[in-house]
Amino acid sequence: MLVDAKHIGYRYRKDRWVLKDVSMHVEEGEIVGLVGPSGYGKTTLGRILAGYLQPHEGQLTFQGKPYQQFQGYHPIQIVLQHPEKAVNPRWKMKEILTEGWSPNQELLTSLGIEEEWLSRWPNELSGGELQRFCVARALGPQTKLLIADEMTTMLDAVTQAQIWHTVLDIVKQRKMGLIVISHDKHLINRMSTRVVDLQKINQA
């Protein structure tokens with residue numbers, strides 16, 4: 001088992017729990033769709049599973065070990081909806097891309113990243129171009145689980161298809177885990193091997 005989250009709780013205020021007693025797991029090579037209406041904590045849970053937020057209740061393990069044992073490059077990576085918020089505006093794209101590792105040309109080509117973009121600043125690229133870099137950066141050799149939180153929602157259909165094609169190929173080749181967070185039920189049903197509905201869990 002890659003990730004096992006047990007009885008996770010998270011609150012924004014003392015009396016406002018956005019997640020309460022949520023349990024889920026992800027196996028190697030499994031694609032899990034995470035669904036639920038706005039306000040039911042999909043993004044919050046994604047950030048908790050990625051190690052960005054600490055839950056107020058519950059336990060998280062990765063391959064049977066507590067999250068606290070991670071050192072250096074994190075084996076769980078998350079790609080968010082707004083790529084401009086995930087990059088350093090003071091770095092050129094080559095620096096951003098190679099912050100964690102140096103992707104090979106095959107990956108860059110498959111994601112449609114053009115060589116001339118590497119010398120540009122983030123504000124010189126479109127949202128779709130920036131997101132390609134964020135995906136490439138997240139697919140390092142040590143990544144075992146990728147969390148895609150509305151990863152392609154803001155992108156055109158061609159860019160969406162190109163990114164998902166590359167991601168799914170790599171997930172299959174490496175037997176990685178993938179969590180797809182989306183309001184797009186068609187996308188979730190088409191890609192997922194299993195669906196977790198936060199609305200049903202929170203109402204249980």
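In the protein chain, buried residues account for 47% of the 204 residues, where buried means under 20% relative accessible area, exposed means over 50% and partly exposed lies in between, with a 1.4 Å probe and protein chains only. The model is a predicted one, in which local features need pLDDT of at least 70 and side-chain atom pairs count only at pLDDT 80 or more, while totals for chains, interfaces and linings use all residues. Residues are numbered from 1 along each chain as its sequence is written, and side-chain values use heavy atoms, with hydrogens and water left out.

The overall dimensions come next. Because a compact globule of 204 residues would have a radius of gyration near 17 Å, the 17 Å of the protein chain agrees with that expectation; the radius is taken over C-alpha atoms, and the globule rule is 2.2 Å times the number of residues to the power 0.38. Taken along the principal axes, the box filled by the C-alpha atoms is roughly 50 × 35 × 35 Å. Contacts (heavy atoms within 4.5 Å) between residues at least 6 apart in sequence join residues at least 24 apart in 72% of cases.

Turning to secondary structure, the protein chain holds 7 helices and 9 strands, which are DSSP runs numbered from the N terminus (helices H or I, at least four residues; strands E, at least two). Strand β4 (residues 57-62) is joined to β5 by 2 bridges, the two running antiparallel, and T61 stands opposite P66 in β5.

Backbone angles in this region deserve a friendly second look. Most residues other than glycine have a negative phi. D21, in strand β2, has a positive phi of about 55° although it is not a glycine, and D21 counts as partly exposed at 46% relative accessibility. Q63 lies in the loop between β4 and β5; the phi of Q63 is also positive, near 50°, and at 42% relative accessibility Q63 counts as partly exposed.

Note on methods
Pairing = 2+ DSSP bridges.
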